[in-house]
Number of protein chains: 2
Amino acid sequence: MSYSMIKDIKESPLYHILNPESIAFFGASNRFTAMGTSQMVSILSLGYEGRVYPIHPREEMVQGLKAYKNVMEIPDVPDLAVIVLPTKIVSSVLEECGKKGIRHAIIISGGFKEIGEQGHRLEQELISVSRRYGIRMLGPNCIGIVNPHLRLNTTFIEYTATPGFIGMASQSGSFITQMSSYLSQFQLGFSAGISVGNEADIDIVDCMDYLFHCPNTKVIGLYIETIRRGREFIELARKIVPHKPIVAFYAGGSEAGKRASLSHTGALAGPDKLYDGVFRQAGVIRANSIEELFDFCWVLGKCPLPGGDRVIIQTHSGGPGAVTADACERSGLRLPYLSPESEMQLSSVIPHTGSLKNPIDITFTKNPFDYFSTIPGILINDENTDILLIYILMPSKTISRALESMGIDEEQIEKQAHEMIKSFSNSLNQIFNSVKKPIIGFSYQPRDDGLLNIMEQSGIPVLPGPHRAARAIMALVKYTHIRERYKQV
Amino acid sequence: MSYSMIKDIKESPLYHILNPESIAFFGASNRFTAMGTSQMVSILSLGYEGRVYPIHPREEMVQGLKAYKNVMEIPDVPDLAVIVLPTKIVSSVLEECGKKGIRHAIIISGGFKEIGEQGHRLEQELISVSRRYGIRMLGPNCIGIVNPHLRLNTTFIEYTATPGFIGMASQSGSFITQMSSYLSQFQLGFSAGISVGNEADIDIVDCMDYLFHCPNTKVIGLYIETIRRGREFIELARKIVPHKPIVAFYAGGSEAGKRASLSHTGALAGPDKLYDGVFRQAGVIRANSIEELFDFCWVLGKCPLPGGDRVIIQTHSGGPGAVTADACERSGLRLPYLSPESEMQLSSVIPHTGSLKNPIDITFTKNPFDYFSTIPGILINDENTDILLIYILMPSKTISRALESMGIDEEQIEKQAHEMIKSFSNSLNQIFNSVKKPIIGFSYQPRDDGLLNIMEQSGIPVLPGPHRAARAIMALVKYTHIRERYKQV
């Protein structure tokens, strides 16, 4: 049976789960230590503007909202039910939801298939209730969803990143809920985050279809421990990848990962090579760590596609240049020489101690602006350049000291450093906008320095370290080929 | 000819270079844009307590210090000359230093062998001057040294990390000067940092010998583009590694890296496999990136050596557990099961939704202190455990929210969060001190969160991400074997 793609995002079973106008919430109380309470507080605290109806057998009010004794008492029919209740009563509560006319549910509760035979029976019961009432459900044993663009977060951990462009579907809730600070440091965020849990109904394939149609999603990220519908996965991915890249991390390839994921979502994980083949056939780019998954999404969402795999490296220090050249070649990228025209142009701005051979080593520049305007301008416009990779070193303290030495007032230094970086960023941004080639930075500096963030606001991703940058560039190059290959399908 | 190791640190040609009581400085002025000036300012600003004599043909005072027209006028014989002058005059200045009786020099100036034949001739001239006067020199074309324990920094970039235990010798000055912020975020720092430049006299082998004898150095880190004395390198390393680990990053294995490093220090880099063999024969642990180099040094400097390669993973989230299991097995580590005794002990503190199979998945704990005391205590004491690897998730905001929900005063929250983490750290630290097995944490949280730093003060390295943690643990395991193997040599 061939996978039939949805035509419109509203056809997706996930549409009302990610974009509900109203939510019936089961399991929140006024006890702060209850997990259900944390989750309802998350919904309220991110600023969700839809209606929320807590259901509670005894309380009049829950977390400041009017509570209902049961779902039937709610004045309208909510778009979505979120259920965080003891395993044994989940099916009967879902049944009441069905009677009320609710057609979408997130089942947070665990204790189903993942714990063995008894749980398996309870899960079958849940499935038959959902089918009887035509309820599409996410979970059980999941953490829920985040839709930051709608300010909706049903998970029990606060979402602190900005609304972003990464549409993530995950067989681990942790990678939806526990990555906010991680993503924030790179100014990244989710367009939508979906924890699929046991996939009793909605699975990772449904998520891909939704995310393909989601206008806020530029790149689809997947955390996979197992694929339940292999054929549909491949078919759908092939339809998506000419338009949106898909990046996947697969855990469970090793014996231990397999054992871990078995108890985790109750699925049996397959061998590593099999998944490698599935991803290759599907046009999905494989990442080797969670960090790499987000690096790939980052660069794929921010950069134009390169015309080839030839990287020009710009540096002002020999060591980082050599390490980066090494990293690029190990990642399978090519390092071309510049054209004689560019070499000639550069010779007036690069001192004789520098190098015009790739990596282009500026050593010392009299005018630091050259590093962010004249030089990258020449490099990116060279016909031999497909991608420009720039070493970025901007420790606040060094810049402050330089400004201090120019006799600038102490109070003015921070402001001036900020403006200096801003004008560097603007220069790079102008170049970036004038040519449709990727420009990527890399730096060893930590993010709390603050200056790297200004840099990134110019639209240029600054990856942490040359190896991560090189591998992310390779993902860009791979995606160019994937797009080409599946265009005709 | 067999390499004859020095008996005492004072025999090292680097001793007076890294521990001078007085310095003659050539090339600083009152012009702040001159590189020499930056370097002398670095010496003064870190708080070096020795005497500094600037030499300047015209100025009376340089950077607030009395200046001397030439080296002969200095009232005593400085331990060290630092020379940042135009290439052409370096030899004659070194000759004057020789006449004065100075026997140690750092030649920062470039324009020697690294630029081709003409530079090569100038370098030969420099070498013959140094031999004539018995001057031991570092460079030319280097960035100098940092000895943070002596508050001495001769490089042109401020050293902002703390004095640490990593003794680093580098064929790129950048990895001495540009990593301060990077190292600081992990509370790491150099015991000594040496930029060797063209190695006209003192080379990387001399540095290893010095660092072996340096009491502040626990681990030796090397950035290598070429080894000039291969046999001596292997011989000396074999003598060192039973006592101190050596970690090396080699750049130049790929074609492009080779090209880059050729123009960088004027050395011809060899093929990757050759270097791999050299490191293996020498008992040197090879790192695949600069980040990994420092990760390995970090863990090797902080942890006791494990009795084997069996890692127990502790997590409270399934996904990070599965990813970590995968990462460990891919790094070649084993993941044992716990003994039945430990399983029994754990069953009272881990809910039924958790997992007692490795990775040990706590899921939710009623008492968060269990995660940092009872549970790791049981795990590390299991006879099947050689190393404990713990997932650390402590976003300040989540902790704040938890405290808020307990009704704690807003003003008190930050203080309480701090104290909470501190008591977690203390619990872990107690366990860490009671058993001589490595405990290592990993986290996806950025360092600016602050709480991870408190964690690390307990002596437990918290690596950024499970893959980096797994690879660092593998370095620990490798070093155990290396130590064993070369003990008898």
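Author: The model is a predicted one. The cover over the buried residues of helix 7 of chain B includes strand 10 (166-170), strand 11 (190-195), strand 12 (219-224) and helix 8 (230-240) of chain B. Helix 7 of chain B spans residues 204-213 and is mostly covered, with 10 of its 10 residues buried. Among these buried residues are B:Ile204, B:Val205, B:Met208, B:Leu211 and B:Phe212. The buried residues of helix 7 of chain B also include B:Asp206, B:Asp209 and B:His213.

Now to the sheet. Chain B has an open sheet of 5 strands, in the order 2-1-5-6-7, with parallel pairing. Strand 2 (51-55) and strand 7 (136-138) of chain B stand at the edges; each has a single partner strand, so one side of each is left without a neighbour in the sheet. From one strand to the next the twist averages 20°.

Strand 5 of chain B deserves a look of its own. Strand 1 (residues 22-26) of chain B runs parallel to strand 5 (residues 80-83) of chain B, and 4 bridges join the two. Across this pairing, B:Ile23 stands opposite B:Leu80, and B:Phe26 stands opposite B:Ile83. Helix 3 (residues 87-100) of chain B packs on the sheet, where the helix touches strand 1, strand 5 and strand 6 (104-107) of chain B. The direction of helix 3 makes about 165° with that of strand 5 of chain B.

Strand 5 of chain B also pairs with strand 6 of chain B, in the parallel sense and over 3 bridges. There the bridge partner of B:Ile83 is B:Ile107. Between these two strands the chain passes through helix 3 of chain B, and this β-α-β crossover from strand 5 to strand 6 is right-handed.

In a regular strand, side chains alternate between the two faces of the sheet. Strand 5 of chain B is covered on both faces: B:Leu80 and B:Val82 are buried on one side, and B:Ala81 and B:Ile83 are buried on the other.

In chain A, leaving out residues up to four places away in sequence, A:Ile83 touches residues including A:Phe26, A:Val90, A:Leu94 and A:Ile107. In soluble globular proteins, nonpolar side chains tend to be buried together.

Terms used. Residues are numbered from 1 along each chain as its sequence is written. Chains are lettered from A and ligands numbered from 1 in the order in which they are written. This is a predicted model: local features need pLDDT of at least 70, side-chain atom pairs count only at pLDDT 80 or more; totals for chains, interfaces and linings use all residues. Two strands pair if DSSP finds at least two bridges between them. Axes are lines fitted to C-alpha atoms, for helices over the stretch in contact, and angles run from 0 to 180 degrees between N-to-C directions. Two residues are in contact if their C-beta atoms, placed from the backbone, lie within 7 Å. A residue is buried if 20 or more other C-beta atoms lie within 10 Å of its own, exposed if 12 or fewer, and partly exposed in between; C-beta atoms are placed from the backbone. A crossover is right-handed if, with the strands pointing away from the viewer, the path from the first strand over the helix to the second runs clockwise.
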